[in-house]
Amino acid sequence: MNSLVKKNEEQSQEELQLVAFFLQGEEFAVDIQKVREVLKLTQITPLPQSLDFIEGVINLRGEVIPVIDLRKRFRIAGEAQEEQTRIIIVEIDESLVGLIVDSVTEVLHLAVSAVDAPPRRLAGTRTEFISGVGKLNDRLIIILDLEKILSTDEQVELEQLQPGPVSEALLGQ
């Protein structure tokens, strides 16, 4: 039994599990351990005077979740087809955030050896969002670093969108 546990631990260290999705025909992925759930596009309540890539907030089973449009965040032109559009609920710095993507395709199992470091520079691309580029057969998959999608100032602004605990005085107790 110990050898089986050890073998599974070694395998998990050699393989990444990723949730793959598309933005404007390009394939991206995020670590499955950061993904809480995937939703169909739902009603988003806009917020005045928020960052241009923050679409607003959604109510997810009583919890208010800020939603980011990844197309706008990455400055990708064009419109998503709403039928396939999804919101991926992810954890970023211990907070839940929704990410609007064109479509979610699959859960990938990718060998760590099939992931290259992100390129240092690409014309017009901010590579600090990228943790690596995965190769799977003839596909290149851009693996995002969720912790770097938002700057420190943007994280602070996003945290201000999330309500704190409701006080007893507000509940009338």
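The model is a predicted one. Its largest nonpolar core has 24 residues, and the salt bridges number 9.

**The nonpolar cores**

- In general, nonpolar side chains tend to be buried together in soluble globular proteins.
- Within the largest core, Phe21, Leu70, Phe74 and Leu144 have the most contacts.
- Two or more residues of this core come from each of strands E1 (15-23), E2 (26-31), E6 (86-92), E7 (95-101) and E11 (139-144).
- Leucine 70 shows how this looks up close: beyond residues up to four places away in sequence, it touches Phe21, Leu23, Leu99, Ile100, Val101, Leu144 and Ile149.
- A second, separate core has 9 residues, including Leu39, Ile58, Ile65 and Ile100.

- Side chains of opposite charge can pair when their charged atoms come close.
- Glutamate 147 and lysine 34 form a salt bridge, with N and O 2.9 Å apart. Glutamate 147 sits in the loop between E11 and helix H3 (152-161), and lysine 34 in the loop between E2 and strand E3 (35-40), so this pair ties together parts 113 residues apart in sequence. Glutamate 147 is partly exposed at 26% relative accessible area, and lysine 34 is partly exposed at 27%.
- Glutamate 37 pairs with arginine 61, their closest N and O atoms being 2.4 Å apart. Strand E3 holds glutamate 37 and the loop between strand E4 (54-60) and E5 holds arginine 61, so the bridge ties together parts 24 residues apart in sequence. Glutamate 37 is partly exposed, at 22%, whereas arginine 61 is exposed, at 68%.
- Glutamate 55 and lysine 72 make a salt bridge as well, with 2.6 Å between the closest N and O atoms. Glutamate 55 belongs to strand E4 and lysine 72 to helix H2 (residues 70-73), 17 residues apart. Both are partly exposed: glutamate 55 at 25% and lysine 72 at 39%.

- Aspartate 69 lies in strand E5 (residues 63-69).
- A polar atom of the aspartate 69 side chain lies 2.9 Å from the backbone nitrogen of arginine 71.
- Setting aside neighbours within four places in sequence, aspartate 69 contacts Phe53, Glu55 and Ile100.

Conventions. Residues numbered from 1 in each chain as written. Predicted model: local features only at pLDDT ≥ 70, side-chain atom pairs only at ≥ 80, totals over all residues. Heavy atoms only, no water. Helix = DSSP H or I, 4+ residues; strand = E, 2+ residues; numbered from the N terminus. Polar contact = N/O pair within 3.5 Å; in protein donor to acceptor, adjacent residues only side chain to side chain. Contact = heavy atoms within 4.5 Å. Core = buried A, V, L, I, M, F, W, Y, C linked by side-chain atoms within 4.5 Å. Buried < 20%, exposed > 50% of the residue type's maximum accessible area, 1.4 Å probe, protein only. Salt bridge = Lys/Arg side-chain N within 4 Å of Asp/Glu carboxyl O.
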